[in-house]
Amino acid sequence: MTQWKWARAGSRNETTGFIGRAAELEAVRRAVTEARVVTLTGLGGVGKTRVAVRAAHQLAVDFPDGVSVAELSGLRDAEFLPNTVASAVGLPEIASTEPMDQLIDHFSDKHALLVLDTCEHLVEAMAMFVDILLSHSSGLVFLLTSRQPVALPGEFVLPIRPMPSPEADADEQDNDALALFVARARAALPSFSFTEENRSEVIALCRRLDGIPLAIELAAVRLRTMPLEQILGRLDDRFRLLAGVRTAQARHHTLRTTIEWSHSLCSEAERELWARLSVFAGGFTLAAAEEVGSGGELVGRDVLDLLGALVDKSVVQRVEGVVEYRYRLLDTIREYGAEQLEQSGRTEEYARRHQDFFLRMAERAGGEWLGDQQGEWGGRLAADFDNFRVAMDFAVAHPADEAALRLVNGLWGLWLGRSRLTEARRWIEKALAAEPEPTVEHGSPCTTGPTSGSSRRTGRRGRRCGAAGPWRSPWTTTSCVPGPCTSRPTRCSCGAGTSSAPWRRTRSRDGSSGPRAICSRWWPATSTPRCSTPPTAAPPRPCGTPRSACANWNTFPVSDGRATT
């Protein structure tokens, strides 16, 4: 690739129309009045340079001694940083004077704005360079763009986020991502128009591209060669699809080169963690990252420090969570990390660690759901719902240790509390198909209770579970003492086996905790059994009695939609 040595950035103008970013521009305007070093951070292709250049043009009236812009992406040797900046400022080369001395003399009494674009690969040299100039001038203000902060005292860090994802009813007037795509699409294909017929495809495309301006622009260019529907269908291989734009900055030629630029700036340990974090979906907590991402090549390394470094380099985003901060990778970043993990042959290893972490979380939530932490658990489970889906998918595809069934059953509170019964039934069917051999998990409340569907289907599952061993009622525990058949069971005592009550787990899977004397839930007041024999008082059935010994108690529906046994 030819790098033109004569290309200068000192008086850069925009080559395409600037779209949106009003809030970011206003934030930059305020920041330069409060600090002398303002750094715009964000992932590659998010628009840091465009915001900085547009802000520089708008701020020109506030800096009477001028605004200069230096592009540093092509600079690899920090020794020549002063030379590059001096050239961008317009200072002549003087053999007898060092460029740094020239810059100090030039800015010593000036009220000027110096924009240094793409500083992430020179952060140490940049910190020293900026500090020297700041200490020798009183009116010089720096506006930097970087994928990580420079870490200078008094530095004002302003993150530049991707453009907001459009809502289903959004249009180009109220959403920057849509406006950008439509503008670039019309430039690439003048006949293109945003209509009701293609609205859903355009909105889906902007969402799939995470609102990253570079990705949106590259996708719009593809309209020259393929229809919108085909572009959307090929986004699974977005790194190959989104290529082919020629710009002066080589790092922006394709989406892949943009991400590879960020990848090359990370240490080996940071790259390794990036790859491992790609198994998460929708976000994760610090505890999840430490549990799933530790070990192996990272033995002895603090995952917290590595995660912080990835946040600083705009690879990972930190967002507010229910009770703690959460972290997320944009899909574009995550897919690149997943590709690196796949090439190393360790995708299944870390996918299983991901499954195991969320399995433990689901089982703990199921056991504590009726405690005073229910509200907190509801928020935590909902925040990680995408991760639970990924874990259940993996468990179904790689059946072992009843993981799929245990995940579905552990999430019973989420299924009921968030009214996700339809989805719960689908996961139950998948889990049962993956591990059809009758086990205790087949008789749990989720598998035979309200999430499992009709009473007829429930009866089939109950009979299958009964064939596996001692019968268990899905809404009581292991020993039921019924009254006359015209009434209902009057109480339920917990025996020596594992309790299957959905509201309270009386014993752990290994039987380590002690049983409760009396169950904490009564049969529904409106439930009336349907007898297969004349109404008589049935004798108490001890724990462990086979189902056949209680043949007069058949599966029957109850008024709240559950089927009991």
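Guide: Let's begin with a term: a residue is buried when under 20% of its relative accessible area is left, exposed when over 50%, and partly exposed in between, using a 1.4 Å probe and protein chains only. Here 51% of the 565 residues count as buried. This is a predicted model, where local features need pLDDT of at least 70, side-chain atom pairs count only at pLDDT 80 or more, and totals for chains, interfaces and linings use all residues. Numbering runs from 1 along each chain as its sequence is written, and side-chain values use heavy atoms, leaving out hydrogens and water.

Visitor: Which residues have the most contacts inside the largest nonpolar core?
Guide: A nonpolar core is a set of buried Ala, Val, Leu, Ile, Met, Phe, Trp, Tyr and Cys residues joined through side-chain atoms within 4.5 Å. The largest one has 105 residues, and Phe181 and Leu277 have the most contacts inside it.

Visitor: At what angle do helices H6 and H7 pack?
Guide: Helices are DSSP runs (H or I, at least four residues), numbered from the N terminus. Axes are lines fitted to C-alpha atoms over the stretch in contact, and angles run from 0 to 180 degrees between N-to-C directions. H6 (residues 176–188) and H7 (residues 199–208) pack at about 110°, with axes 10 Å apart. Angles of 65 to 115 degrees count as roughly perpendicular, so H6 and H7 are roughly perpendicular to each other.

Visitor: Which residues of H6 and H7 meet?
Guide: Contact means heavy atoms within 4.5 Å. Ala177, Leu178 and Phe181 in H6 meet Val202, Ile203, Leu205 and Cys206 in H7.

Methods
Helix = DSSP H or I, 4+ residues; strand = E, 2+ residues; numbered from the N terminus. Parallel < 35°, antiparallel > 145°, perpendicular 65-115°, else oblique.
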